[in-house]
Amino acid sequence: MAEITVQTIDQILDVLVSQDTPHLDIGAVDFIDPYGLLLLALAIRHRSLNGSAPRIRWPRSRRVRSWMDAMGFADQIDGFPEMPGNPPPSRSTALQPITAIAQEEKVSQLVNGFDHRLSERYPLTKQSRNALVKVMLELFQNIPQHSNATGELSDPHGLAAMQDYTDSVFLAVADMGIGLRRSLALREEFAQLNDKSALNKIVFDGMSRFADPGRGGELRRIARLVRKWDGIFAVRSGEALLYMDTEHGDVYDAPFFPGLQIAVRLSRHVFGIEPSPVDNESFIGFNE
Amino acid sequence: MNKMNEQVFRVDQFGARVGTRLEGKAAREGLLEALLSLPEPGRLVVSLDGVEVLSGSFADELIALPYARLTTGEFGDRYMILRAPTLALAEDLSHKLDRRRLAMLCFTKTSWSVLGLLPPPMQETLDLVIERKEATAGDLAEALQIRHNTCLHRVGRLAELRLIRRQEVGLGGPYPTYRFFSIIKS
């Protein structure tokens, strides 16, 4: 496997979640997107909490390892080895390192932090910054509001991260909570839905675990917005993955993983930033 | 007679970019206080001046939920209208009102419009009430060339939605007769 992305992370989840003694070889990986990074961190944690810690061959690529360090991956995973002779990671390579999202009271502050990091790097228009702030406010607050709606978890492990590329800005939000199906099942009429149907009900029909019509609909609005902006939107929960790009939008079968994970990839045009003509140190995603 | 007391409730007191559902719920207390302290008949102008981001969750808790209570008559002869620098800023609030099958008047610098859900015939009737400032159902029915009963239904619904003010002015046989007033400042 050369990349860990929205398109490939499920192969890793299959290994980490379903095998008795998982051995994961990602040594050849030379690119990881923020969604892949968050799911990798959560899957390793899930495995460690529910069995034995997996054996992992980490990426050999110095650039990828340095980026993982800069994104704070080592803070999430016990046993992420330092690379011999590796220089201290430069935070400048990471747009927004992995950030825990737990309390709703802190959400606005965290969103402002993400916005600040993005605006430090680019002279964004106020309009585009505000649009992204609104998306982040809704996605981040979903974690404390819904990921542990049954109250059964000690920690749903909510995380978010953001990275910029030559052509786009990528936001990922993930948790290991009860997921969409079990959240929606708190309403009796939706108790029998499977993951795919629950995802459809929430993203396409705007339903939520509340019968109150004012609740819910945010993921549907974000999906429409991302589509309008020619972006990519992925929502994964349980055994279902919704993937939408400019051409298509469909729900696919996926290997089981608890919680809800979301990827939003937006063209830099949306933010008034011209695509970079050449790669520079700020970007990863190219071969060394 | 359509003199209304007015008070302005500024949302930017809670920040320029608002916010979460929890923050909206906390802010709601202030709005309800302002609404209840307004002498009747009264118009609370919820101002988005100084606000840059209004999330749907915050807007639902702060504005749409009290507005839903307003339409039940809980707050007597009081009304709420929104003042926004741009209509786009109120887009998510409009979505929440729509989901709740509510409608609310919104002013921008240059015009007014209705947020939420209002079918075209109702909009047409509302336009006319606002244009005339006050009218009877008979006047409106004649101007719109619709049946009196149809017009009564429309203005009754507009009054329920708190988009216009209805005042009893006497009896027409066994039934009360009303005049309908624009809640927009003349």
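## A walk through a two-chain model

In helix H5 of chain A, A:Arg121 touches A:Leu95 and A:Asp164, leaving aside residues up to four places away in sequence. Two residues touch, or are in contact, if their C-beta atoms, placed from the backbone, lie within 7 Å. Helices (H or I, at least four residues) and strands (E, at least two) are DSSP runs, numbered from the N terminus.

This is a predicted model, in which local features need pLDDT of at least 70 and side-chain atom pairs count only at pLDDT 80 or more, while totals for chains, interfaces and linings use all residues. Residues are numbered from 1 along each chain as its sequence is written, and chains are lettered from A and ligands numbered from 1 in the order in which they are written.

Is A:Arg121 buried, exposed or partly exposed? A:Arg121 counts as partly exposed, because it has 15 C-beta neighbours inside 10 Å. The cut-offs are these: a residue is buried with 20 or more other C-beta atoms within 10 Å of its own, exposed with 12 or fewer, and partly exposed in between, with C-beta atoms placed from the backbone. Along the chain, A:Met83 is 38 residues from A:Arg121, and their C-alpha atoms are separated by 28 Å.

### Strands of chain A

Strand S9 (residues 249–267) of chain A pairs with strand S7 (residues 168–174) of chain A in the antiparallel sense, over seven bridges. Two strands count as paired if DSSP finds at least two bridges between them. In this pairing, A:Ala174 has A:Gln261 in S9(A) as its bridge partner. Strand S8 (residues 232–244) of chain A also runs antiparallel to S9(A), joined by twelve bridges. S8(A) and S9(A) make a hairpin, with four residues between them, and A:Leu242 is bridged to A:Val251 in S9(A).

A:Leu242 turns up again beside A:Ala234: leaving aside residues up to four places away in sequence, A:Ala234 touches A:Val6, A:Tyr35, A:Leu241, A:Leu242, A:Tyr243, A:Ile262 and A:Ala263.

### The largest nonpolar core

A nonpolar core is a set of buried Ala, Val, Leu, Ile, Met, Phe, Trp, Tyr and Cys residues joined through C-beta atoms within 7 Å. The largest one has 137 residues, and A:Ala234 is among those that touch the most other members, together with A:Leu38, A:Phe140, A:Ala172, B:Leu82 and B:Met104. Helix H2 (residues 34–49) of chain A gives the largest share of this core, nine residues. Domain 1 (1–117) and domain 2 (118–186) of chain B both give residues to this core, so it lies between them.

### Where the parts meet

Those domain bounds come from an automatic or database domain assignment. The centres of domain 1 and domain 2 of chain B, taken over C-alpha atoms, are separated by 23 Å. Their contact takes 16 residues from domain 1 of chain B and twelve residues from domain 2 of chain B. On the domain 1 side, strand S5 (78–83), strand S6 (103–107) and strand S7 (112–116) of chain B give two or more residues.

The two chains meet as well, with 17 residues from chain A and 18 residues from chain B in the contact. Helix H5 (107–121), helix H6 (126–146) and helix H9 (218–228) of chain A each supply at least two residues of the chain A side. Which of the helices gives the largest share of that side? H6(A) does, with eight residues.

### Strands and helices of chain B

Chain B has an open sheet of three strands in the order S8-S10-S9, with antiparallel pairing. Strand S8 (134–135) and strand S9 (164–172) of chain B stand at the edges, each with a single partner strand, so one side of each is left without a neighbour in the sheet. S9(B) and strand S10 (residues 175–182) of chain B are paired over eight bridges, and B:Ile164 stands opposite B:Ser182 in S10(B).

In helix H2 (residues 56–70) of chain B, a kink of about 35° lies at B:Ala64, shortly before the proline B:Pro66. The bend at a residue is the angle between axes fitted to the seven residues ending there and the seven starting there. H2(B) is mostly covered, with 13 of its 15 residues buried.

| Peptide bond | Form | Omega |
|---|---|---|
| B:Val18 to B:Gly19 | cis | near -15° |
| B:Glu40 to B:Pro41 | cis | near -10° |

B:Gly19 is in the loop between strand S2 (17–18) and helix H1 (21–37) of chain B.
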